[in-house]
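The following report looks at one residue and its surroundings, then at a pair of helices, and finally at what a database record says about the chain.

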Amino acid sequence: MCLSKHVSPGCWHRAADDHIPMIFSVTHSRSLPLTSLPFLSPLSPTGTLVGVGDVISQQVLERRGLANHNVTRTAKMMSIGFFFVGPAIGSWYKVLDKLVTGGTKSAAMKKMLVDQLGFAPCFLGAFLGISGTLNGLTVEENVAKLKRDYTDALISNYYLWPAVQIANFYFIPLHHRLAVVQIVAIGWNSYLSWKANKM
């Protein structure tokens, strides 16, 4: 049992789950509970960050320039973030934490494998499919696009996310895992947006 006010490494994961999730400010020494900031639900930052990823994709990867920026496309990508990415990932982490319990290195490895071999392939296919549908593709066109782009996107996923998720599952408590993914995903979203909108 962990009775000390100073939580030992072995008790850190359990202790973190017993407290209200906190957002730590870089410029302030105190922390604010998420419940006092309802606009910072998983939907809100995820939708915004997917939109940021699309802006980076258009301006940096595709070099469209501000005059040729496709605002409608950014709005579509943000809607995917709001209504699909945030809810799907946030709910999945809760399920995964129940499927694989514990805060050991072995548990973190198991969570990463379940996440990357089970959830990630399905999530990526759904993301690309939803993007294609919002872009007006027919079922046949969407299937053809998935056949063309899915494998490359999945391989790229495996270059990045396994290492990120091992660290995420081992060091980060459940309440903060979506936030960590969101930070790393700014770059990943840029790639996904480029891939999803590449016709």
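Predicted model: local features only at pLDDT ≥ 70, side-chain atom pairs only at ≥ 80, totals over all residues.

When the neighbours within four places in sequence are left aside, I186 is in contact with L49, V52, G53 and I56.

## Packing of α5 and α6

Helix α6, which spans residues 174–196, packs with helix α5, residues 139–171, at an angle of about 160 degrees, and the axes of the two helices are 11 Å apart. The two helices are therefore roughly antiparallel to each other, since angles over 145 degrees are counted in that way, and their crossing is right-handed.

On the α5 side the contact is made by K145, D149, D152, A153, S156, N157, L160, W161, V164, Q165, N168 and F169, while α6 contributes R177, V180, V181, V184, A185, W188, Y191, K195 and A196. Sorted by class, the contact of α5 with α6 has 12 nonpolar, four polar and five charged residues.

## Annotated transmembrane regions

An unreviewed UniProt entry places the feature "transmembrane region" at residues 77–96, 117–138 and 158–174. In the model, residues 77–96 are 100% helix and 0% strand, with end C-alpha atoms that lie 26 Å apart. Residues 117–138 are 82% helix and 0% strand, and the end C-alpha atoms of this span are 28 Å apart.

Technical notes
Residues numbered from 1 in each chain as written. Heavy atoms only, no water. Axes fitted to C-alpha atoms, helices over the stretch in contact; angles between N-to-C directions. Helix = DSSP H or I, 4+ residues; strand = E, 2+ residues; numbered from the N terminus. Parallel < 35°, antiparallel > 145°, perpendicular 65-115°, else oblique. Left-handed = near helix turned anticlockwise from the far one by under 90°. Contact = heavy atoms within 4.5 Å. Nonpolar A, V, L, I, M, F, W, Y, C, P; charged D, E, K, R; others polar. UniProt positions renumbered as here; feature names shortened; annotations may be inferred.
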